[in-house]
Amino acid sequence: MNLLDIILESIDEALVILDPDGQVLLFNQKVNEIHNQFGWTHLKTGESIFNALPGDAYHRVSETLLELKLKKNPIRFYADRIGIDGNRVYVETTYMPVIQDGVLTHINVLIRDITVNKVFENRLTNIASNLTSLIERANAVIIGVDSRGYITEWNRHASDVLGYSKNNVFTQKLSDVLLYPEDIERYDQIMAAALQNKSTLNFELNVKSMAGEKITLLLSASPRFTSANAIIGVIFVGQDISELISYRESLEKVIEQRTQELRQSIEKEKEALNVRARFVSMVSHEFRTPLASIGFSAGYLKKFKERLTPDALDEKLNQILKQVDHMTHMMEDILTIGKADNNRIKTSATPINLREYLHDLVRQVHEATGKTHTVNLQIDFRDTHLNSDEKLLRNILINLLTNAIKFSPGKSHVELQVGKEGNAILFEVRDYGLGIPPDELEKIFEPFHRSSQVNAIPGAGLGLSIVKRAVDLLKGVLTLDSEPGKGTTFTIKLPLEE
Amino acid sequence: MNVDIVLVEDTPDILQNLTEILVMENYSFKVAGHGKEALQVLADHEASLIITDLVMPEMDGLTLVREVRKLHAWKNIPIIILSAKIDPATQEEGLQAGATCFLKKPCDVDLLLTTIANLLKRV
């Protein structure tokens with residue numbers, strides 16, 4: 001082989017040298033190797049190239065030759081064809097005109113089998129396409145930004161969730177388009193970290209949708225790498241958790257509400273227990289005295305009975321009976337209070353003949369209190385009858401009248417006035433006695449309270465507690481007005497049935 | 001004026017019970033409704049024994065006992081606390097304050113009288 005042949009055979013490409021009309025002047029073996037792949041005839045020097053080409057290639061080749069003659073510029077084109085083994089072969093063909101003294105003398109045709117490149121290229125394209133499709137179709141929000149924060153990736157889900165299309169957001173900064181001012185600092189930190197190869201996983205970020213709504217996203221931010229492992233941006237992947245957030249918030253609100261309610265319930269229970277404990281303590285204290293008195297009285301009788309006159313004996317026994325009486329009344333009052341507090345007292349309304357009822361009641365009080373005071377009764381009420389609970393009302397009025405008499409020692413009378421006010425009946429019990437000091441006004445309705453001014457006046461101190469509960473049961477209002485030294489007026493206002 | 005006993009008690013019924021008992025045994029006594037009154041009575045009379053309740057208005061029994069013990073003249077006068085409050089802690093407190101003994105209300109009449117007699121004998 002001569003030097004030319006050696007050179008021809010050593011080059012990578014397949015080379016054919018043609019004259020301007022397509023006659024084969026020179027070629028290397030690689031050309032025929034290519035022709036083998038397609039099952040084409042081998043080239044022969046001195047013969048037309050068209051002899052070795054398939055019919056479908058004629059047109060292209062002849063056009064190329066024509067163009068070369070005219071323009072005298074290199075022409076390159078790519079083609080692919082299925083070889084006889086069934087594989088696709090990709091070929092790059094370059095026609096190089098050789099011009100000497102302005103004349104096209106011959107054409108160098110370089111043919112390169114670029115199948116490997118092409119296959120690789122296709123594979124890459126496929127992968128890229130698959131990935132793009134994956135990203136595009138993923139059921140997650142995927143947003144990519146470059147290292148400066150400009151949006152470079154925006155998938156369909158991002159559009160669905162946020163409203164912006166790809167066109168709206170590309171070339172804009174993510175922070176400008178989506179973020180609220182208060183979140184920018186945190187976003188910048190996350191961006192900076194990702195660019196330093198530190199991913200941030202599962203963080204919540206509020207963003208503005210195109211419609212202006214606040215959407216909460218749960219995102220992970222990680223760096224994007226080039227093939228050379230350089231970080232060129234950040235990718236955010238996540239989902240819209242706005243619904244979850246709002247659900248969580250409403251749950252939290254409900255929990256807080258319930259906790260509040262529970263706390264209040266517990267406070268109420270504690271208070272109720274306290275009240276009960278105090279009451280129990282007060283009750284036992286109140287019974288202790290009469291019991292102690294009975295104890296001493298009985299002891300006294302035991303020791304000194306021989307030395308006592310029958311009258312003295314009798315008197316002592318009466319004292320004991322009085323104490324028993326006192327305790328019995330206290331017990332009944334306490335039971336009444338208990339029943340009222342437990343809502344076990346049932347009120348029943350019956351028509352009461354007012355005049356008869358009140359006169360009877362007044363007489364009862366007058367006698368029970370030793371006839372020391374007159375009870376002036378004044379009725380300013382047109383109807384003859386009142387529908388109310390007869391027993392409760394009696395309890396109220398007797399208690400108030402008895403108190404009025406008790407707390408105006410030395411005075412001659414007390415008053416009971418009955419009138420009408422709007423749609424209610426008014427009972428006023430007035431005395432001209434000791435009155436109630438202002439600092440005791442609130443406390444007088446507490447069980448066992450006894451006026452500070454009246455140490456000598458006996459009583460369990462439960463009457464007003466019962467009056468208050470009775471008035472509540474009748475759905476009435478109890479008010480009082482008092483001036484120490486001048487007197488006291490209790491007013492009961494009871495609603496009249498329609 | 002000399003009296004045997006100063007009786008300090010605010011509950012009228014109990015006071016009556018106690019005074020009746022003391023009368024039957026011919027003791028002379030003065031009564032007071034609370035601690036402050038008792039101190040006044042003690043200042044005005046020579047007494048040999050104090051019987052006091054614990055729960056009283058103005059000044060309670062324990063304070064009374066402490067006040068009495070503070071004064072030199074009354075450092076040794078016997079004091080009986082007669083109270084319904086009989087728990088060990090209260091008893092301890094009472095004796096610490098300087099009371100001589102503690103009796104529960106109501107107590108056996110004989111017990112009360114024997115205690116009074118013994119304490120007066122010592123004086």
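K166(A) counts as partly exposed because its relative accessibility is 32%, where partly exposed lies between buried (under 20% relative accessible area) and exposed (over 50%), using a 1.4 Å probe and protein chains only. This is a predicted model, in which local features need pLDDT of at least 70, side-chain atom pairs count only at pLDDT 80 or more, and totals for chains, interfaces and linings use all residues. Residues are numbered from 1 along each chain as its sequence is written, chains are lettered from A and ligands numbered from 1 in the order in which they are written, and side-chain values use heavy atoms, with hydrogens and water left out.

**Salt bridges**

- The side chain of K166(A) meets that of E136(A) in a salt bridge, at 3.2 Å from N to O; a salt bridge is a side-chain nitrogen of Lys or Arg within 4 Å of a carboxyl oxygen of Asp or Glu.
- This pair links distant parts of the chain, 30 residues apart: E136(A) is in helix α4 and K166(A) in helix α6 (residues 166-169) of chain A.
- Helices (H or I, at least four residues) and strands (E, at least two) are DSSP runs, numbered from the N terminus.
- E92(A) and R76(A) form a salt bridge through their side chains, at 3.9 Å from N to O.
- Here too the pair links distant parts of the chain, with E92(A) in strand β4 and R76(A) in strand β3 of chain A, 16 residues apart.
- E92(A) is buried, as its relative accessible area is 6%.
- In the salt bridge of R394(A) with E390(A), the closest N and O atoms are 2.3 Å apart.
- Both R394(A) and E390(A) belong to helix α12 (residues 390-406) of chain A, and they sit four residues apart, about one turn of the helix.
- R394(A) is partly exposed at a relative accessible area of 21%, and E390(A) is partly exposed at 27% relative accessibility.
- R76(A), E92(A) and R112(A) are joined into one network by salt bridges that share partners.
- Over all chains, the count of salt bridges comes to 30.

**Helix α3**

- Helix α3 (residues 55-71) of chain A has 17 residues and should span 24 Å at 1.5 Å a residue; its end C-alpha atoms are 25 Å apart, which agrees.
- The expected span of a helix is 1.5 Å times one less than its number of residues.
- A57(A), V61(A), T64(A), L65(A) and L68(A) are buried in α3(A).
- These residues lie on the same side of α3(A), because they cover an arc of only 100° around the axis; the arc is that of the directions from the helix axis to the C-beta atoms.
- The cover over the buried residues of α3(A) includes β1 (14-18), β3 (75-82), β4 (88-100) and β5 (103-113) of chain A.
- On the face of α3(A) turned away from its buried side are exposed residues, among them H59(A), L66(A) and K71(A).

**Surface patch**

- A nonpolar patch on the surface is formed by F120(A), L124(A), I127(A), L131(A) and L134(A), with about 500 Å² of accessible area together.
- Patches are made of residues with over 30% relative accessible area and no salt bridge; like charges are joined within 9 Å, and nonpolar side chains (Val, Leu, Ile, Met, Phe, Trp, Tyr) within 5 Å.
- Accessible areas come from the Shrake-Rupley method with a 1.4 Å probe; for residues, only the protein chains shown count as cover.
- L124(A) lies in helix α4 (residues 115-137) of chain A and counts as partly exposed at 45% relative accessibility.

**Chain A overall**

- Chain A has 13 helices and 17 strands.
- Of the 498 residues in chain A, 39% are buried.

Note on methods: Contact means heavy atoms within 4.5 Å.
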